[in-house]
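Notebook open, structure loaded. I want to jot down what I looked up, one item at a time.

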Amino acid sequence: MESNPLVSVIVPIYGTEKYLPNCIESLLGQTYTNIQIILVDDQSPDQCPKICDDYAEKDSRITVIHQANRGVSGARNTGLRCATGDYIMFVDSDDEIYPNAIEVLLQDICKYKADIVWAPQKNRDNEKQIEDFSEDGTYTTFCEEDALYLSLAGVYNINAVWGKFFKKSFIKGIFFEEGKHINEDGFFMFLCYMKKPIMVQHDISVYQYNIRSDSSSRQTFSEKYLSMLYFCERKKELIATHYPQYLEQAYNMEVRTNLQFLQVLCRTCDKQYKTLANPCIRTVRHLYRYHKPINGHHKKLAWIVAHGLYPLYKKIVRLKYYR
C-alpha cells in the first residue's frame, strides 16, 4: 500500500437529522484514520447544519461546507472540488459504513492497482437487517469495457456511487449533472465506465444502506422521474457515438428504463401526466425483441406493455397499492 494516503469522504446532506449523527460517527470510528470528511450541507431545513458544525468542532478531520440548495448532485460536486485526498468515497448522510470499510477498500484498490473498488451494501429496513447477498470475500476483476457492459445490463448496485472507492486521478474532470434528481449517480458511474476502468468487486460488507419510508423509491410520482428517461437517452447517444457495438445492450437498457418509468407512473392518476405513458409504451413495443429481463416481474411487465395491456395493469396496481 502507498504510504498512508489521504482518503476524502464526501457526504451530501439534506433533511437527515435523524440519521446524520450515526453516519458521522461511523466515519470517525474508522480503523484507517488519515481521512478528510467533507460534510456538504445543501441548505438543509432541519438541525443538520448545527450537527455538522458541532462535529467539526470536535474533530479536525471534518470540513463543513454550507451552501445554497443545489440538490445532491450539486452537493457531491462541491465535495469533489474540495477533496484533497488521493482517493474518494461517497457516503449518503442517512447511511453508515462499517469500522474497517476504508481500510479494506484502500487495501483492495492498492493491491489490484484498480481505478474503482466496489463492495455490495447490506440493507437495513426499520432496524431490521436484510440479508440480500452472500458475503464470501471473493474478488472479481473487470477490465476494459466489462463495467460498461454490466452497467447497460443493469447489474445489481453497479450504478450506485455509494459502496465504491475511487482513485481521484481516474475520476478527475467527471462531475454529477445538476438539476436532475433520479439516476444522477448512475450517469456519473456510466461516465466512469466509459473510461474503461480496472474495477474490482469485493464481496464483503462495508456499507449499510438504510431504507427510509420517505425515500424517492417510495414517493408519489412527480416530474423528477423524467430524469430516468433523460439519462437513458444520454447513455444511448454516448453508446451510439463511442461504442456502437453495444447498441443492442443500450436498447435493452432503454426498454428496462421505460418499464421502470411506467411502473412509477402507476402511482398517479393526475391528468397532467396522462400522456407520459404513450411514448414509453411505443418504445417498449418497438424494442421488445432486445429485452433481457432482470427478474420475473420485468418479464411479465414487458409482455403486458408490448401487448397493449398497460392501462389495465395500471388500474389493477392502483386498486391494490395506491387507493
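This is a predicted model: local features need pLDDT of at least 70, side-chain atom pairs count only at pLDDT 80 or more; totals for chains, interfaces and linings use all residues.

Charges came up before anything else in my notes. I counted 40 positive and 39 negative side chains in the chain, and the centres of the two sets sit 10 Å apart.

**Overall build**

I looked up the secondary structure next and got twelve helices and twelve strands. The C-alpha trace spans about 60 × 45 × 35 Å along its principal axes. What radius of gyration does the chain have, against that of a compact globule? The chain has 20 Å, and a compact globule of 323 residues would come out near 20 Å, so the two agree.

Then I checked burial: 53% of the 323 residues are buried. The accessible surface is about 15200 Å², and carbon and sulfur atoms account for 50% of that. For contacts I took residues at least 6 apart in sequence, and 80% of those contacts join residues at least 24 apart.

**Aromatic pairs**

I ran the ring search over the whole structure and it returned 20 aromatic pairs. I opened the pair of Tyr112 and Tyr139: it is tilted, with 5.1 Å centre to centre and 40° between the planes. Tyr112 is in the loop between α4 (101-111) and β6 (116-118), while Tyr139 is in strand β9 (residues 139-142), so this pair ties together parts that are 27 residues apart in sequence. Are these two tyrosines buried, exposed or partly exposed? Tyr112 has 27% relative accessibility and counts as partly exposed; Tyr139, at 33%, counts as partly exposed too.

I moved on to Trp162 and Tyr207. Their ring centres are 5.7 Å apart and their planes meet at 20°, so I logged the pair as stacked. The pair links distant parts of the chain: Trp162 is in the loop between α5 (146-153) and β10 (164-167), Tyr207 is in strand β12 (residues 207-211), and 45 residues separate them. Both Trp162 and Tyr207 are buried.

One more ring item: Phe90, Phe166, Phe176 and Phe188 are linked by ring pairs into a cluster.

I picked Ile239, in helix α8 (residues 226-242). Its relative accessibility is 0%, so it counts as buried. Which residues does Ile239 touch, once those up to four places away in sequence are set aside? My list reads Leu148, Leu152, Phe190, Pro244, Tyr246, Leu247 and Ala250. I also took the distance from Ile239 to Tyr251: twelve residues apart in sequence, and 10 Å C-alpha to C-alpha.

Gln249 was next, in helix α9 (residues 247-265). I wanted to know why Gln249 counts as buried. Its relative accessibility is 18%, and the cut-off for buried is under 20%, so Gln249 makes the list. Beyond its neighbours within four places in sequence, Gln249 is in contact with Tyr149 and Leu152.

**Helix α4**

I went through α4 residue by residue and found it mostly covered, with eight of its eleven residues buried. Which ones are they? Ala101, Ile102, Val104, Leu105, Leu106, Asp108, Ile109 and Cys110. As a reminder on spacing, an α-helix has 3.6 residues a turn, so residues three or four places apart point the same way.

**Positive phi**

Last item: backbone angles. Most residues other than glycine have a negative phi, so I noted the exceptions I came across. Lys113 follows α4 and has a positive phi near 50°.

Gln43 is another, with a positive phi of about 55° although it is not a glycine. I placed Gln43 in the loop between β2 (35-41) and α2 (48-58). With 48% relative accessibility, Gln43 counts as partly exposed.

Asn183 has a phi near 70°, again positive in a residue other than glycine. Asn183 is in the loop between α6 (168-171) and α7 (184-193). At a relative accessible area of 33%, Asn183 is partly exposed.

Terms used
Residues are numbered from 1 along each chain as its sequence is written. Side-chain values use heavy atoms; hydrogens and water are left out. Helices (H or I, at least four residues) and strands (E, at least two) are DSSP runs, numbered from the N terminus. The radius of gyration is taken over C-alpha atoms; the globule rule is 2.2 Å times the number of residues to the power 0.38. Buried means under 20% relative accessible area, exposed over 50%, partly exposed in between (1.4 Å probe, protein chains only). Contact means heavy atoms within 4.5 Å. Accessible areas come from the Shrake-Rupley method with a 1.4 Å probe; for residues, only the protein chains shown count as cover. Lys and Arg count as positive and Asp and Glu as negative; His and the chain ends are not counted. The place of a charge is taken as NZ of Lys, CZ of Arg, CG of Asp or CD of Glu. Rings of Phe, Tyr and Trp (its six-membered ring) pair if their centres lie within 6.5 Å; planes under 30 degrees apart count as stacked, over 60 as edge-to-face and the rest as tilted.
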